[in-house]
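Dear colleague,

I am handing over the structure that we spoke about, and the notes on what was found in it follow directly below. Please read them with the model open beside you.

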Amino acid sequence: MAEARSAVATPRVQKKDLGTTDSFDDLLKSYRQMIVRNYFRFRNSIRNGVWPTSTNNLGIACAVSFYLLEYEPVYAHKVTTRLEKAVQALPLPKKTPRWLCNLVGSVGMSVVFFIVVMKVRQYLLRILLAYRGWMYENVREVSWKTKLWGLTVKFVSGYQPSLYSCQRSLPRMPVPPLDHTLSKLLDSLKPLCSEEELKDYAKQASDFESTIGPRLQRLLYLKSWWAPNYVSDWWEKYVYLRSRCPLLINSNYYALDHYIWTPTNRQVSRAANVVHSIMSMKRQIDREELQPLLLRNTIPVCMAQYERLFSTVRIPGEEIDELLHYDSAESRNIVVWRQGLFYQLSICDDKNQLLSASVLEQLFQSIIDDADKHKESVSESERSVAALTNLPRAEWAAVLREHMTTGINNDNMDLIKKAVFMVILLDKVPESISDKGKTLLHADGRTLWCDKSLNVCFFPDGQCGLNVEHSMADAPAMGHVWEYAMTMEVIERRYLDNGQVMPPPRSFKQGNITMPRRIIWDITDALEKEINRAVTMNQKNNDDLDLEIRNHSKFGKGVIKKARISPDAFIQISLQLAYYRHTGRFCQTYEASATRLYQNGRTETVRSCTEDTAAFVRAMVSGTHSKEELLRTLRQAGNCHQKLYRDAMNGHGIDRHLFALYVVSKGLGYESQFLESIIRRPWTLSTSQQPQQQIQANTPDINLEPFRKMCSPGGGFGPVSDEGYGVSYMLPTEYNIFFHVSSKRSCPTTDSRKFADLVFKSMDDIRLLFDDTQLDS
């Protein structure tokens, strides 16, 4: 079938010879590129390995010691004498010249001295970074202890680190004490359970602590001593890769571009510029030129997740998936989707330079023209191949093994696996921002290649967004890349008045370019049935998703901070009030918190439905309390939530510890009713605050305040529980807050629009507790 299809859909080739070279020159060029690439890798590995010291320190030490040995200055007589004794002890031939002995001795002693200093600084920095007192202090009222600690960290850190330099110096995440975790767990269950249920959980926890709990805890301590992170590898394996659910809605998340501003209404121009910005960011990551993020310009966070943001694919398996990541030598193309047709597009010219935005604009236009011309000659099933990637993982693995491991389909899969990312050129303008979010989260069920780490989607009117696979990294890492691409469009002139991209400078010369090539599939009758089944299932799941995106513009974090309450705590308390008004009860609530202050840290759970929050909600609903009482109760709940959030960031949360205990118990063959019941409790309300202004950590001189009307609403995800809500929120400015509320239409008790209304009402009602005279009081 593939040969017959080729007659009507010929792969794209160059229309004219752009100046090819012979095979010998190509071979020399490939070797030259390999040598340069390996040199930079070796240089970066050395630089990262010795940080916070520098190889320059070694050179200085060698020069100083050689000078002392060779010229024996009077002012350093004692040091010189000791150095000479060390040189005389070296097993060198007797006739070796004195200068050579001094050179060998100075190099040897300098290397030993350098290694000792390097290890001391690395371990000292790790000890210093384990201090967390700074996090519990008011930024405006920092103690002398914390100030002294900060100065010491900067002194020990030395020069500016590269992207991965800090990894060796980050502390390892601690295993919380078992009794603390169990005590916090029981406290978190008090607003959710009856007295009988609480007594039962307390008895189970006591039995667990007195039987198998300590043994499991000791094994976690043992793992924490040798593993970079005692829980992250298990989290990736068992929560993400062992999940058998379809990825779209259940795992992948989406991100939007600007809210009410689009820099151009030309699809190909926007695609060219954004793709070029993302590739520029990728090149900075590959070369480790991107500066690591530093909290308060002092405390480094783990940057390990950036390594797999691009050129990564999730391969389905019957029982467990596999993450594959390709280096820049293997991954030099993107794959472009248009009208169900796929195109391979090289993102570099023959000189290994990134294609300019103006060249990408022309190439994207040629792809659109070719796809629109050939779409009618391609069967519906071939244009829906991407639907297979959203089948349940075991089913997709079976289809992949049966139909995609030989011939042209295997070659196509190899191209897609090695692609840097996918570019989706859509042909329908979204009707609303909520429709735009749904399109980015799941599209039409036959468009997104959800195994790829990144799908960048562009609408016909110039709007755009992302769909991101979750297992390879958490949202803040990809959000950093996306924020860079969006910010550059705002602060720089990237487009001409007619909407086209700015042409490159006259001095810029692009090398020879490879034209896009069509990817053609071999669709058998059996494969066609699988594709049609996948499309039907995907569209059913898509129709069931209820997504509401709203902009709360009455006030933002500016007013909330003046009321001396954490904006995040304010929103979380509002969510609890809204849910209580909605259902008449409280629910187990998940709020994501990052643990990237530790090696390979990912996330921890903040159980934001606390006793203090529940007390405030009941007081608000009762209508019998004064404003002063409500305000005092609100601030008490806010302080409690803020402490829980900080504890989670510091590795003192509950749920990752319980999860790790559960994994160990299963590995040893123990059956724990306590762990089973706790792990399986549903997260009815799953929430997350989205990161922002990460780009300013690298470029603090950028002032984004004049461009606040061009802010992004962030992104969102599907509900974790079929009977609950997924709520993502972003506070991009001092004056507004964006909410993304998702739920399932098949659940009779959920309604995203109604819940969003209740959230807004709850926020406004809480705001009324603050008279203007009480702000900052």
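The buried residues of helix 17 pack against helix 13 (393-403), helix 14 (407-418), helix 15 (433-442), strand 12 (545-552) and strand 18 (737-744), where contact means heavy atoms within 4.5 Å. Those buried residues are L527, I531, A534, V535, M537, N538, N542 and D544; here buried means under 20% relative accessible area, exposed means over 50%, and partly exposed lies in between, with a 1.4 Å probe and protein chains only. Helices (H or I, at least four residues) and strands (E, at least two) are DSSP runs, numbered from the N terminus. Helix 17 covers residues 525-544, and its 20 residues should span 28 Å at 1.5 Å a residue, which agrees with the 29 Å between its end C-alpha atoms; the expected span is 1.5 Å times one less than the number of residues.

Before going further, please keep in mind that this is a predicted model, in which local features need pLDDT of at least 70 and side-chain atom pairs count only at pLDDT 80 or more, while totals for chains, interfaces and linings use all residues. Residues are numbered from 1 along each chain as its sequence is written, and side-chain values use heavy atoms, with hydrogens and water left out.

Turning to charged pairs, the structure holds 42 salt bridges, each being a side-chain nitrogen of Lys or Arg within 4 Å of a carboxyl oxygen of Asp or Glu. One of them joins D321 and R393, with the closest N and O atoms 2.7 Å apart. Because D321 lies in the loop between strand 4 and strand 5 while R393 lies in helix 13, this pair ties together parts that are 72 residues apart in sequence. D321 is buried, with a relative accessible area of 4%, and R393 is buried as well, at 0%. Salt bridges that share partners join R244, R314, D321, R393, D451 and E469 into one network.

Helix 13 also holds R401, which forms a salt bridge with E318 whose closest N and O atoms are 2.9 Å apart. E318 counts as partly exposed at 49% relative accessibility, and R401 counts as partly exposed at 46%.

A further salt bridge pairs D647 with K184, the closest N and O atoms being 3.9 Å apart. This pair links distant parts of the chain, since D647 is in helix 21 (residues 627-649) and K184 is in helix 7 (residues 178-189), 463 residues apart. D647 counts as buried at 7% relative accessibility, whereas K184 counts as partly exposed at 27%.

As for disulfides, meaning pairs of cysteine sulfur atoms within 2.5 Å, a search of the whole structure finds zero. For C450, the nearest cysteine sulfur is that of C457, 12 Å away. The sulfur of C457 is 9.1 Å from the closest cysteine sulfur, in C464, and this is too far for a bond. C450 is buried at 0% relative accessibility, and C457 is buried at 1%.

With kind regards
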